[in-house]
There are 2 protein chains.
Amino acid sequence: MHTVVPLHQRLLRLLRDLGPLSRAELADTLEVPRPRLLAELERLVATGLVTEAGLAASRGGRRSTLVELHPDLRFAGVDLGASSIDVEVTNGRLEPVAAYTEVADIRQGPKVILNRVAELLAKARVDGAFDRLAGVGIGVPGPVSFRDGVPVSPPIMPGWDRFPVRDFLSREYGCPAVVDNDVNIMAIGERHGGVAHSVNDYLFVKIGTGIGCGIYLTGDVYRGTDGCAGDIGHIMVDSHGPVCSCGNVGCLEAVFSGVALAREATAVARAGNSSILAEKLAEAGFLTARDVALGAAEGDISCIKLIRDGGRQIGIVLAGLVSFANPTMIVIGGGLSQLGHILLAEIRSVVYRRSLPLATGNLPVVLSELGPRAGVTGAAVLASDVAFEEAS
Amino acid sequence: MHTVVPLHQRLLRLLRDLGPLSRAELADTLEVPRPRLLAELERLVATGLVTEAGLAASRGGRRSTLVELHPDLRFAGVDLGASSIDVEVTNGRLEPVAAYTEVADIRQGPKVILNRVAELLAKARVDGAFDRLAGVGIGVPGPVSFRDGVPVSPPIMPGWDRFPVRDFLSREYGCPAVVDNDVNIMAIGERHGGVAHSVNDYLFVKIGTGIGCGIYLTGDVYRGTDGCAGDIGHIMVDSHGPVCSCGNVGCLEAVFSGVALAREATAVARAGNSSILAEKLAEAGFLTARDVALGAAEGDISCIKLIRDGGRQIGIVLAGLVSFANPTMIVIGGGLSQLGHILLAEIRSVVYRRSLPLATGNLPVVLSELGPRAGVTGAAVLASDVAFEEAS
């Protein structure tokens with residue numbers, strides 16, 4: 001059932017993840033006969049992906065020569081949010097060489113937004129971050145057909161439905177490109193360089209404008225039959241709850257998300273139940289999740305209660321997912337993870353109380369380590385994967 | 001990440017699933033050089049697992065000899081329920097050779113129950129169903145450590161916690177044995193010989209005394225980090241619902257299951273809202289899910305409403321799982337699937353209304369085809385897998 005990963009891909013990924021290695025170490029780790037490894041290396045040096053990197057430390061006997069990914073190798077990771085563009089250019093080891101972020105409204109459509117991305121990358125090139133790119137990865141805030149490289153009926157992205165994002169980028173930059181859902185790239189990033197390093201079964205829960213879940217199962221991102229696995233924002237948590245933008249009642253997103261929290265905070269301020277929120281509302285004319293976080297940090301009881309109530313709703317959904325999927329770890333990321341410890345404590349409390357003890361006995365529920373960088377990091381991982389795949 | 005399945009296992013599984021094949025067909029399907037295939041076949045003939053089976057139909061040129069699994073090869077599949085033992089002895093192609101079923105209370109503990117299994121298998125041997133077994137598979141109604149072959153803190157199986165079921169069976173029958181959760185073996189059975197044939201991503205939902213879910217992802221049973229994935233009976237569906245045996249409020253099992261349905265039916269009968277149920281209650285002194293099914297078949301409105309209400313609760317949980325896992329198919333099995341079309345129609349209606357259109361556009365929600373045989377079939381599949389694995 002499982003496809004076997006070809007030798008050249010496994011080799012390139014090792015050099016990406018571990019850095020310079022000797023031929024002996026490579027042959028041992030990849031478990032291939034030395035002549036086959038040497039032939040493969042020679043081929044990859046010819047393509048310009050791999051290069052010699054001096055002598056290894058002695059293991060006794062003749063010192064082996066190190067090989068590494070070419071120092072000029074560059075990937076681009078792009079993370080499109082509802083109202084932001086993040087771009088990172090990395091070297092072959094996926095270390096950032098340049099990073100840019102700017103405000104942009106995804107509803108302006110693919111032409112405008114992808115032009116802004118092109119301008120940022122042009123700037124990176126002028127700044128000396130790269131000469132040419134070996135791969136581009138991009139995440140978008142909506143469902144994606146990973147196979148076709150296009151968004152599919154994305155609710156908050158008018159004009160993007162079935163737009164050939166992958167082929168557009170591939171033509172634009174003359175290299176392989178790959179498109180995925182924004183939550184999947186965050187999950188991939190966090191597993192590559194964050195708190196979920198090398199964990200095979202884990203959930204990355206993004207709580208922001210919307211709510212979504214990236215799923216790792218047996219070491220791979222799980223995308224589901226139609227590529228829309230992880231759409232947990234519309235799971236029902238309260239049959240008596242508010243009507244959601246999707247038309248159903250009591251969806252998680254309608255009860256707790258950036259939008260829902262701002263709405264609740266405004267109601268609390270207007271009812272005179274929080275002086276901090278009332279002041280902010282009078283000042284700015286509107287409230288955001290950030291105001292609630294700041295209020296809670298100052299000890300405002302209503303703000304703390306708003307976060308706790310939200311954490312309980314998230315916890316109920318996650319308890320169900322823990323019962324179903326029995327993951328090794330849950331990572332909480334996205335804008336609302338700034339609500340921090342109060343949110344996390346409430347989520348943990350509900351999950352530990354509601355799921356099978358066997359499943360929660362050793363289940364860390366933790367905040368994302370990469371934070372806002374999780375997305376671009378994951379996009380760069382995908383960019384390198386697809387570049388390595390096509391280097392055959 | 002994925003382990004490569006060795007040649008001999010793939011070869012034996014092909015003969016199990018497809019029947020007699022020519023050497024040419026085997027070499028083509030397995031994509032191995034002919035000399036390697038012939039050497040492997042010779043070895044498997046020597047072990048007694050494989051044998052010659054006459055000449056294949058001509059493909060032009062010299063007619064090839066067929067090989068098949070040895071006609072005397074036998075596996076045993078055992079399905080332990082809360083109150084039943086099902087045993088099936090199969091040939092190498094997993095076709096039933098003998099089948100037995102009897103009433104037994106799992107709470108009598110492993111010694112008593114496994115002795116009953118031994119008596120049934122002794123009877124099968126006397127009846128000529130087998131001379132010796134090549135593998136035994138068993139499913140139990142509780143969480144299992146698949147790796148260790150033991151039940152782990154099973155709530156309805158006192159005395160079974162960490163009892164070495166696998167090693168006990170292996171010693172008793174002198175062959176490899178394997179233990180899994182009852183819902184997993186039903187999922188495996190339905191995929192081998194039922195409606196989910198060759199579907200890679202699907203959920204098998206068992207609705208009976210309890211409620212559980214077998215999960216197939218990318219072609220393999222998914223068991224989770226601690227082997228308790230699929231424990232969906234304790235997902236919360238109604239925050240104002242009844243208290244569950246687990247201590248939490250509003251669990252799916254507390255709201256709809258064999259026990260819950262009997263309780264609700266009794267309340268309906270006592271309130272004078274169903275003459276059919278009232279009569280049955282007066283006659284037998286108690287009501288079961290079957291009485292509700294019979295009442296609904298005769299058009300009793302209260303019975304139909306009980307089933308619809310239950311279907312709605314199951315539907316809410318499954319809608320959440322569809323949003324999360326985006327499966328290709330959902331199969332409903334277990335004792336309460338006898339509630340049939342009314343139940344299914346309600347489940348479908350909720351799932352199609354509540355999940356993302358992309359995920360439900362082409363999502364069959366269907367009844368198990370194997371019904372009560374799903375479990376023993378899956379146990380026999382596992383028995384053959386482990387027998388083939390150890391034939392190296």
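Two residues are in contact here when heavy atoms lie within 4.5 Å. By that rule, the contact takes in 47 residues from chain B and 47 residues from chain A.

This is a predicted model, where local features need pLDDT of at least 70, side-chain atom pairs count only at pLDDT 80 or more, and totals for chains, interfaces and linings use all residues. Residues are numbered from 1 along each chain as its sequence is written, chains are lettered from A, and side-chain values use heavy atoms, with hydrogens and water left out.

**Where the chains meet**

The size of an interface is often given as the accessible area lost when the parts come together. Buried area is that loss, taken with a 1.4 Å probe and summed over both parts. Chains B and A bury about 4100 Å² between them, and 58% of that is on carbon and sulfur atoms. As for polar contacts (a pair of N or O atoms within 3.5 Å; within protein, one must be able to donate a hydrogen and the other to accept it, and residues adjacent in sequence count only if both atoms are side-chain atoms), 26 residue pairs between chain B and chain A make them, both residues at pLDDT 80 or more.

Which helix gives the most to the side of chain B that touches chain A? That's H11(B), with 6 residues. Sorted by class, that side of chain B has 24 nonpolar residues (Ala, Val, Leu, Ile, Met, Phe, Trp, Tyr, Cys and Pro), 8 charged ones (Asp, Glu, Lys and Arg) and 15 polar ones (the others, Gly among them).

Now for the symmetry. With copies superposed by least squares on the C-alpha atoms of residues with pLDDT of at least 70 in both, chain B can be laid on chain A with an RMSD of 0.0 Å by a turn of 180 degrees and a shift of 0.0 Å along the axis. That's the relation of a two-fold axis. Also, 100% of the interface residues of chain B are interface residues in chain A too, so the copies meet through the same surface.

Strands (E, at least two residues) and helices (H or I, at least four) are DSSP runs, numbered from the N terminus. Two strands pair if DSSP finds at least two bridges between them.

| Strand pair | Bridges | Opposite residues |
|---|---|---|
| S2(B) and S3(B), antiparallel | 4 bridges | Val50(B) and Leu69(B) |

One open sheet runs S1-S3-S2, while another has the order S13-S12-S11-S14-S15, with mixed pairing.

Definitions and conventions:
Buried area = accessible area lost by both parts, 1.4 Å probe.
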